[in-house]
Amino acid sequence: MSARSLRARIRSEMTEEIKEVARRRLAVDGANLSLRGVARDMDIVPSALYRYFPSRDDLLTALILDAYRALAAEAETADAKVPAADLRGRWLAVCSAVRDWALAHPAEYGLLYGSPVPGYFAPEDTVAPATAVVFRLVAIAQDGAGRLTPPPLPAPLPAPVRTDLRRLIEQKPPADMPEDVLDRVFVGWTQLFGLISFEIFGRLNGTIDARDEYFGHHMNVMADLVGLP
């Protein structure tokens with residue numbers, strides 16, 4: 001192994017170790033995560049971390065990207081395990097995989113979907129990973145084109161909302177998805193993460209004990225809304 005390769009390997013291993021320690025600190029510090037606390041856990045001086053992460057925000061961005069990618073991978077794997085024609089099965093599998101990941105990684109979920117970190121502004125490269133789950137749900141609905149049987153809604157989409165949805169559809173193929181279908185998927189998406197957030201952050205405590213059944217019921221309701229057979 002050349003000296004350059006060895007340095008690169010050592011740097012990669014050190015970077016991963018820093019991130020792993022930082023993930024454990026998230027459970028304790030949450031939004032107050034600091035390089036000083038990570039350095040203390042690693043028994044090194046804080047200045048040593050700056051060679052890998054120039055600031056706390058750089059470390060937070062790395063953790064956020066890793067978490068989004070891990071969540072997306074779980075959703076993708078769950079989707080792939082269900083026959084492509086079983087649209088409802090795929091929808092439920094993806095939703096369950098997202099919840100399972102969140103319950104197994106509550107601190108990382110909190111970093112993604114909890115209270116904003118004071119003074120931190122996520123860079124542009126976090127946007128695409130952040131949308132991976134919703135666009136997987138969109139893909140499931142798109143695969144059902146011609147087979148969806150959604151129930152009627154009490155009121156039509158407001159024109160400004162329809163305009164927003166059309167803009168999103170044109171920005172990301174396929175551009176032939178009806179605005180009403182995307183709207184229903186977005187309702188399912190917000191319900192998915194809203195319900196998970198209520199569970200993770202204790203909002204269901206003292207009200208709903210049958211969490212698995214409650215979640216499964218609501219994700220089926222959302223599948224009905226989209227019109228998945």
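Me: Which residues touch the most other members of the largest nonpolar core?
Reply: Ile18, Val38, Leu59, Trp91 and Leu192 do, in a core of 61 residues. Keep in mind that this is a predicted model.

Me: And where does the largest share of that core come from?
Reply: From helix α3, residues 56-80, which supplies nine residues. As background, nonpolar side chains tend to be buried together in soluble globular proteins.

Me: Take Val38, then. What is Val38 in contact with, leaving aside neighbours within four places in sequence?
Reply: Ile18, Val21, Ala22, Arg25, Leu33, Leu49 and Leu59.

Me: OK, zooming out. How many helices and strands does the protein have?
Reply: Ten helices and zero strands. Read from the N terminus, the order is α-α-α-α-α-α-α-α-α-α.

Me: What box do the C-alpha atoms fill, and what percentage of the residues count as buried?
Reply: The box is roughly 60 × 45 × 35 Å along the principal axes. Of the 229 residues, 41% count as buried. The accessible surface comes to about 12600 Å², and carbon and sulfur atoms account for 56% of that.

Me: What about contacts between residues at least 6 apart in sequence: what share joins residues at least 24 apart?
Reply: That share is 70%.

Me: Switching to aromatics. How many aromatic pairs are there?
Reply: The count is five. One of them is Tyr68 with Tyr113: the ring centres are 6.2 Å apart and the planes sit at 85 degrees.

Me: Why is that pair edge-to-face?
Reply: Because the planes of Tyr68 and Tyr113 are at 85 degrees, and an angle over 60 counts as edge-to-face. Tyr68 is in helix α3 and Tyr113 in helix α5 (residues 106-113), so this pair links distant parts of the chain, 45 residues apart.

Me: Are those two tyrosines buried or exposed, and what are the numbers?
Reply: Tyr68 counts as buried at 11% relative accessibility. Tyr113, at 25%, counts as partly exposed.

Me: What's the geometry of Tyr109 and Phe201?
Reply: The ring centres of Tyr109 and Phe201 are 6.1 Å apart with the planes at 45 degrees, so that pair is tilted. Tyr109 lies in helix α5 and Phe201 in the loop between α9 (179-200) and α10, so the pair ties together parts 92 residues apart in sequence. Tyr109 is buried, with a relative accessible area of 0%, whereas Phe201 is partly exposed at 39%.

Me: Which residues do the ring pairs link into a cluster?
Reply: Tyr68, Tyr109, Tyr113, Phe193 and Phe201.

Me: Which ring does Arg99 lie over?
Reply: The ring of Phe215: Arg99 lies over its face, at 5.2 Å from the ring centre.

Me: While we're on arginines, where is Arg90, and is Arg90 buried or exposed?
Reply: Arg90 is in helix α4 (residues 87-104). With a relative accessible area of 7%, Arg90 is buried.

Me: So which side chain does the Arg90 side chain make a polar contact with?
Reply: The side chain of Asp79, at 2.6 Å. Not counting residues up to four places away in sequence, Arg90 touches Asp79, Val82, Pro83, Ala84, Ile140 and Asp143.

Me: Last one: where is Pro229, and what is Pro229 in contact with?
Reply: Pro229 is in the segment after α10 (211-226). Leaving aside neighbours within four places in sequence, Pro229 is in contact with Leu87, Arg88 and Arg147. Pro229 is partly exposed, with a relative accessible area of 47%.

Technical notes. Residues numbered from 1 in each chain as written. Predicted model: local features only at pLDDT ≥ 70, side-chain atom pairs only at ≥ 80, totals over all residues. Heavy atoms only, no water. Helix = DSSP H or I, 4+ residues; strand = E, 2+ residues; numbered from the N terminus. Buried < 20%, exposed > 50% of the residue type's maximum accessible area, 1.4 Å probe, protein only. Polar contact = N/O pair within 3.5 Å; in protein donor to acceptor, adjacent residues only side chain to side chain. Contact = heavy atoms within 4.5 Å. Core = buried A, V, L, I, M, F, W, Y, C linked by side-chain atoms within 4.5 Å. Phe/Tyr/Trp six-rings, centres within 6.5 Å; stacked < 30°, edge-to-face > 60°. Lys NZ or Arg CZ within 6 Å of the ring centre and 35° of its normal. Areas by Shrake-Rupley, 256 points an atom, 1.4 Å probe, with all protein chains shown as cover.
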